[in-house]
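Dear colleague,

Please find below the structure that I am handing over to you. My notes on what was found in it follow directly after.

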Amino acid sequence: MSIDQIKDAIESGGTGDDLAGLAIPDTYRAAHTLRSEQEMFADMASADKDPRTSLHVGQVATPELAPDEVVVAVMASAINYNTVWTSVFEPLSTFFFLDRFAREGHWESRHRQDFHVVGSDASGVVVRVGNAVRNWKPGDRVVIAPVVTHDQDPDAHEDQMLAANQRAWGFETNFGGLADLTTVRASQLLRKPTHLSWEEAAVNLLCAGTSYRMLVGAHGARMKQGDIVLVWGGTGGIGGYAVQMVLNGGGIPVAVVSSPERAEVLRELGCELVIDRKAEDYRFWSDEHTQDESEWRRLGKKVRSLIGDDPDIVFEHPGRQTMGASVFITKRGGTIVTCAATSGYMIEYDNRHLWMKLKSIVSSHFANYQEAWEMNRLIDRGVIQPVMSEVFPLDQTGEAALKVHRNQGEGKLAVLCLSPEAGMGVSDAEKRDRIGEDRITLYQRHARGEL
Ligand SMILES: NC(=O)c1ccc[n+]([C@@H]2O[C@H](COP(=O)([O-])OP(=O)(O)OC[C@H]3O[C@@H](n4cnc5c(N)ncnc54)[C@H](OP(=O)(O)O)[C@@H]3O)[C@@H](O)[C@H]2O)c1
């Protein structure tokens, strides 16, 4: 049985019963790293590590289906920063995560393989459901949230993200989304927004869900109307959604980017206050070990010159390079909300500026299923737009990951899996017209030089 029969059935509008009647192939095409190569970049500078040499696209074995899982025929997927981390084996090889996960039980042991299929976002069609799955059936068009948890951890019932066994699909687990098939928990599924193409629908959940929890959900900074929010990486994956959420929620975004072109996208989106960090040439570190407070002050003055006040919230993720400045510029009583540390996780800031001015650092990670559901609803209603700029074929996953690694991509980079070309999968064209082609495709048009 070949994957082509599944692909043909989906393209020709086959019913759920048609799909359920097709056999699942024993192997499938997937972007993956290899355990045997996990030392390949040892002693190399991070910037020199090339995902094109570590990410392979080839056949891998299809896992057995657990009762609470579904098999999804993946139409499109996306590069996330965790795809980059996996492909450069930083901060540690993800085979460590797979081995740790495998120790948790019978079904988890399937994840210990000599390959790691990457990818933590996808859109597609359900082709098989396990016998404990209640809400989903073959033929359902879905997007996939990245959080994997058992419902038997009591903490998961307070907040899924608190569960000890909470893992990121396709990063801390195997069988990720950058593939023709994926096997995921039913509790990761959400309905595909009907007005989006497969690839526009595929890029959102990991980053948009993360930004939603950081800014809007009950566990993050809980932005309110009028809040000034400084967003690092305002056209990046999480930053691109954060800016939209601040605008939608009546806040005032001050976005930081590193080029006039990126500033232009934000202005087109309605974000008027933009700082070009390259042009300003901030040097928060005077050497590897010493920060320069006068540079923090310079950034703070810049923000005040733009909006007359300090940020109520700083949306933080670059980490070591920026955290000292972020803590310094936040308003008295304000919040620094952080979910990452792209430039280094050993963070240093002046604690006096935190405690004396009663600021808080709030940590955040992904989004629980309910937050992801709320987020997906905003996308489905056309309130939040995908920040997809470019589309790559699955065979070029390494090229796409390299672009993110080098900070050369804008917003999200999509990857086509079973979808033969970009633009397919829209099932409600009237709704798309109503929301507006121009709004939906802002990042794509900018990448094509059409703005
Ligand atoms: N915990 C979670 O749940 C979660 C979820 C998603 C992502 N993340 C993490 O969040 C980080 C960002 O992810 P992403 O998808 O937004 O990545 P991305 O698409 O590469 O965007 C990040 C942006 O940050 C800016 N940036 C990078 N290095 C910087 C530095 N040294 N100083 C200031 N700005 C810098 C860049 O914008 P400019 O160059 O234009 O300023 C870049 O576009 C990654 O580390 C990722 O692993 C965590």
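D153 is placed in the loop between β7 (147-148) and β8 (167-168); helices (H or I, at least four residues) and strands (E, at least two) are DSSP runs, numbered from the N terminus. This is a predicted model, in which local features need pLDDT of at least 70 and side-chain atom pairs count only at pLDDT 80 or more, while totals for chains, interfaces and linings use all residues. Residues are numbered from 1 along each chain as its sequence is written, and side-chain values use heavy atoms, with hydrogens and water left out.

D153 is buried, where buried means under 20% relative accessible area, exposed over 50%, and partly exposed in between (1.4 Å probe, protein chains only). What the side chain of D153 does reach is the backbone nitrogen of A164, at 2.9 Å. This is a polar contact, meaning a pair of N or O atoms within 3.5 Å; within protein, one must be able to donate a hydrogen and the other to accept it, and residues adjacent in sequence count only if both atoms are side-chain atoms.

Salt bridges elsewhere

Side chains of opposite charge can pair when their charged atoms come close. The structure holds 34 salt bridges. One of them joins R185 and D68, at 3.5 Å from N to O. R185 lies in strand β9 (residues 181-185) and D68 in the loop between β2 (56-61) and β3 (69-78), so this pair ties together parts that are 117 residues apart in sequence. R185 counts as buried, at 9% relative accessibility, while D68 is partly exposed, at 35%.

A second salt bridge is formed by E200 and R432, with the closest N and O atoms 2.7 Å apart. Because E200 belongs to helix α6 (residues 198-202) and R432 to helix α16 (residues 429-435), the pair ties together parts that are 232 residues apart in sequence. Both E200 and R432 are buried.

The side chains of D227 and K224 also meet in a salt bridge, at 2.9 Å from N to O. Here D227 is buried, with a relative accessible area of 6%, and K224 is exposed, with 52%.

The ligand

How many residues surround the ligand? There are 27, and the closest are S258, R277, C339, T342 and F366; a residue is near the ligand if one of its heavy atoms lies within 4 Å of it. By class, this shell has 12 nonpolar, 13 polar and two charged residues. For these classes, Ala, Val, Leu, Ile, Met, Phe, Trp, Tyr, Cys and Pro count as nonpolar, Asp, Glu, Lys and Arg as charged, and the others, Gly among them, as polar.

A polar backbone atom of F366 is 2.6 Å from a ligand oxygen. A polar side-chain atom of R262 lies 2.9 Å from an oxygen atom of the ligand, and a backbone N or O atom of I238 is also 2.9 Å from one. The protein covers 90% of the 910 Å² of accessible area that the ligand has on its own, as given by the Shrake-Rupley method with a 1.4 Å probe. The elements that give two or more residues to the shell are α4 (81-88), α7 (205-215), α8 (237-248) and β12 (252-257). The largest share, three residues, comes from α7.

Helix α4 and backbone geometry

α4 is mostly covered, with six of its eight residues buried: N82, T83, V84, T86, S87 and V88. Most residues other than glycine have a negative phi, and most peptide bonds are trans. F89, which follows α4, has a positive phi, near 55°. E90 and P91 are joined by a cis peptide bond, with omega about -10°, and P91 is placed in the loop between α4 and α5 (94-102).

Two further residues other than glycine have a positive phi. For R222, phi is near 50°; R222 lies in the loop between α7 and β11 (228-231) and counts as exposed, at 54% relative accessibility. For N407, phi is near 55°; N407 is in the loop between α15 (397-405) and β20 (412-416) and counts as partly exposed, at 40% relative accessibility.

With kind regards

Terms used:
Lys, Arg positive; Asp, Glu negative; His and termini not counted. Salt bridge = Lys/Arg side-chain N within 4 Å of Asp/Glu carboxyl O.
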